Amino acid sequence: MTATKTVNLSSAERVLFPDVGVTKGDLFEYYDAVTEWIVPHLKNRPFTMKRWREGITGQAFFQKQAPKGMPKWIPTRQFRTFPREGGSRLVDFPLVNEKAALLWMVQMHCIDMNAWYSRVDKPHRPDFVLFDLDPPDEPSGFELAIEVAHLIRDVLDEIDLPGYVKTSGADGIHVVAPISRRSTFEQTYDFAEKLSRLLERRHPGKVTTEWLKKKREGVLVDHRQNGWGKTIASVYSVRPKPGAPVSTPLRWDELTADVRPPDFTMAVALDRCSKHGDLFAPVLEDPRPLAPAARKLGRIAG
């Protein structure tokens, strides 16, 4: 960072994760260390600030509009958003394109780093299809989600579209299929829905697309997360959960039945980056066209 891009950390001793004593200063140090691996996944994507001023035991609030006091060296891009309460508004989204911007977000009490699936030059063309797995609330729920993640991979392999897996760092699993930036969000939504419903038919009781929790049986594969303006907690993000777990990419052979999200602490994530590099690099570097895979999926889904 140059002198004009200095981030002064305040309240470094503030405890954000009381159960493990992780402070704001610890979080700052982690993101400083993981910069080279996380920033490529955030770069040029509209960023939503999720701010935890009192740590994970307090209430968070979302902030899409770049704050008035944000340094001028953090770029913004303006897009029209459509809030749930109706209407629309223009929002200047910050872009986290370098270490200084990332650390400034920590200073502003962001724990996890949430960005769009698309980049500013082609905002209506996502980089990937997301399969967001939400396990049932039962002791074996996450183990079942692991099984379902492998089922998704099997179908993706069947249609020649590579998938990559990470712990969400919260309660679930993310399977990401990187695609060429030609498809629309409507097309990725339709693709994810078709694949999810195929699995629901093939594996009743294990896989569900049912949105209402009280009606679910099995792991929700949530295709609805594929939409314009939606955000995902980036790979290598610390999540606001007890233990300060990190959303961590895994090789498929590592996703065994005994894996659990709290296993992947900040120290573990950094150690894995040092040993393996960025296991999610293919998500950025090896996109595949969606259309041929969608045609193959159509044939096997009927």
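Biologist: Is Glu 143 buried, partly exposed or exposed?

Modeller: Buried means under 20% relative accessible area, exposed over 50%, and partly exposed in between, with a 1.4 Å probe and protein chains only; because its relative accessibility is 37%, Glu 143 counts as partly exposed. Please keep in mind that this is a predicted model, in which local features need pLDDT of at least 70 and side-chain atom pairs count only at pLDDT 80 or more, while totals for chains, interfaces and linings use all residues. Residues are numbered from 1 along each chain as its sequence is written, and side-chain values use heavy atoms, with hydrogens and water left out.

Biologist: With which residue does Glu 143 form a salt bridge?

Modeller: A salt bridge is a side-chain nitrogen of Lys or Arg within 4 Å of a carboxyl oxygen of Asp or Glu, and here Arg 260 is the partner of Glu 143, with the closest N and O atoms 3.9 Å apart. The two residues are 117 apart in the chain, Glu 143 being in helix α3 (residues 141-158) and Arg 260 in the loop between β14 and α5 (266-276), where helices (H or I, at least four residues) and strands (E, at least two) are DSSP runs numbered from the N terminus.

Biologist: What does the pair of Lys 206 and Glu 147 tie together?

Modeller: Lys 206 and Glu 147 form a salt bridge, their closest N and O atoms being 2.4 Å apart. Lys 206 lies in the loop between α4 (185-202) and β11 (207-208) and Glu 147 in helix α3, so the pair ties together parts 59 residues apart in sequence.

Biologist: How many salt bridges are there by this rule?

Modeller: The count comes to 23 salt bridges.
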